[in-house]
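Me: Please take a close look at one part of this model for me: the place where the ligand sits. What surrounds the ligand there, and what touches it?

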Amino acid sequence: MSAVERQNGEHSLPVNIADHIRAESQLHPEVTGSLASILTDLTRVAKEISFTVNTAGIQNLYRSTGRTNAYGENVIQLDEKANQQFKDILANNDNVAGFSSEEEEGFVPYPNSEDGKYILWFDPLDGSSNFDINGSVGSIFSIYKRVSPDKTPVDEKDFIQKGSEQVCAGYFLYGPSTMLVYTARFGVYRFTLNPSVGEFVLPKEYAQIATPDSGGIYSVNEAYSNNWPDSVKSYVNHLKTRPGATSRYVGSLVADVDRDLLKGGVYLYPADSNHPTGKLRLNCEANPLAFVVEQAGGAATDGTNRILDLQPESLLQTTPLIIGSKNEVELFRQFTQRPLWQ
Ligand code: AHM
Ligand code: MG
């Protein structure tokens, strides 16, 4: 049985990631060997990080490194270790010319990889407030073709491309299971790591997932509501009045967005008086998640513009983020653009 037949479900066993990548490469010429090799390496990184997260308490990795990152946030040892795990595995992949990450000051060229056609953005481990309480956390990644000429070192232009230029993006969620959710524009797939054999497998119901057009879940840190503009307060108050309304906030972007993707609803981290341009990072958090959610039929906005249309002006740019089911994202736009609710 060919990889494509297995992928199409003509088999009772879940498809493993290697078969899936082979099938995608056969079906879509855009999924070249180099892109497939990067995706495979990312699954290796995630297996290492998954183990690190599971054992972080006994490895004493919840302590601060004593450093702050480019956003002025305290760097925990677990953040630093996860960043190093990404760095080390991708360094051996000649297709990757360089990367940038939430934990780096700028972008990092890989020496001797000037022939590499791709660059990566990643947030090695997101959801730091959940580390020491054994809550869900995640890794987020985004792959772009470089724009600088081949055979030259990468430059900043490679790392400030619009999100609509992503060729592949996704996240790993480290919760009760470790999961991979990704898209390379040909559907959104949600794999589960089978830890007994160390392999990501795709249950049939999670192939080509579609997010509901509408849903009652809203995910927001409501403790900040006194700092929100009136229009945002009105929007959230309106969500509460609808049938099926319920609030869920893990405080870990990957876990919150993943839940809303499956069940329908909206995650928001709007601009507020303490975060006038939002908190979340456009390049390594908002763009990859927006790409996944849009490919599943959802939407993502900064309140005015589609996230994927924003032209990043800097590596460190932050953005308000409203992401999830189409109807709730559109509703946010309507509320916040109507002077009546200002
Ligand atoms: P981090 O990259 O430092 O972990 O920050 C990002 C996290 C998101 O995962 C989460 O949605 C948000 O910050 C929570 O922020 P807050 O504690 O302000 O609600
Ligand atoms: Mg983060």
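Reply: Sort the shell around ligand 1 by class, and you get 7 charged, 5 polar and 5 nonpolar residues. This is a predicted model, so keep in mind that every value here is computed from it. In total, 17 residues surround ligand 1. The closest are D126, Y224, Y249, L253 and Y269.

Now place that shell in the fold. Two strands each supply at least two of its residues: β6, spanning 118–126, and β14, spanning 265–269.

Next, the polar contacts. Start with the backbone: an N or O atom of G127 lies 2.7 Å from an oxygen atom of ligand 1. Side chains take part as well. In Y267, a side-chain N or O atom is 2.8 Å from an oxygen atom of the ligand. K279 also has a polar side-chain atom 2.8 Å from an oxygen atom of ligand 1.

Last, the space itself. Ligand 1 takes up the largest pocket.

How values were computed:
Residues numbered from 1 in each chain as written. Chains lettered and ligands numbered in written order. Predicted model: local features only at pLDDT ≥ 70, side-chain atom pairs only at ≥ 80, totals over all residues. Heavy atoms only, no water. Near = heavy atom within 4 Å. Polar contact = N/O pair within 3.5 Å; in protein donor to acceptor, adjacent residues only side chain to side chain. 1 Å grid on protein atoms, 1.4 Å probe; cavity = no way out; pocket = protein on both sides within 12 Å on 5 of 7 lines; lining within 4 Å. Sits in = over half its atoms within 2 Å of the grid points. Helix = DSSP H or I, 4+ residues; strand = E, 2+ residues; numbered from the N terminus. Nonpolar A, V, L, I, M, F, W, Y, C, P; charged D, E, K, R; others polar.
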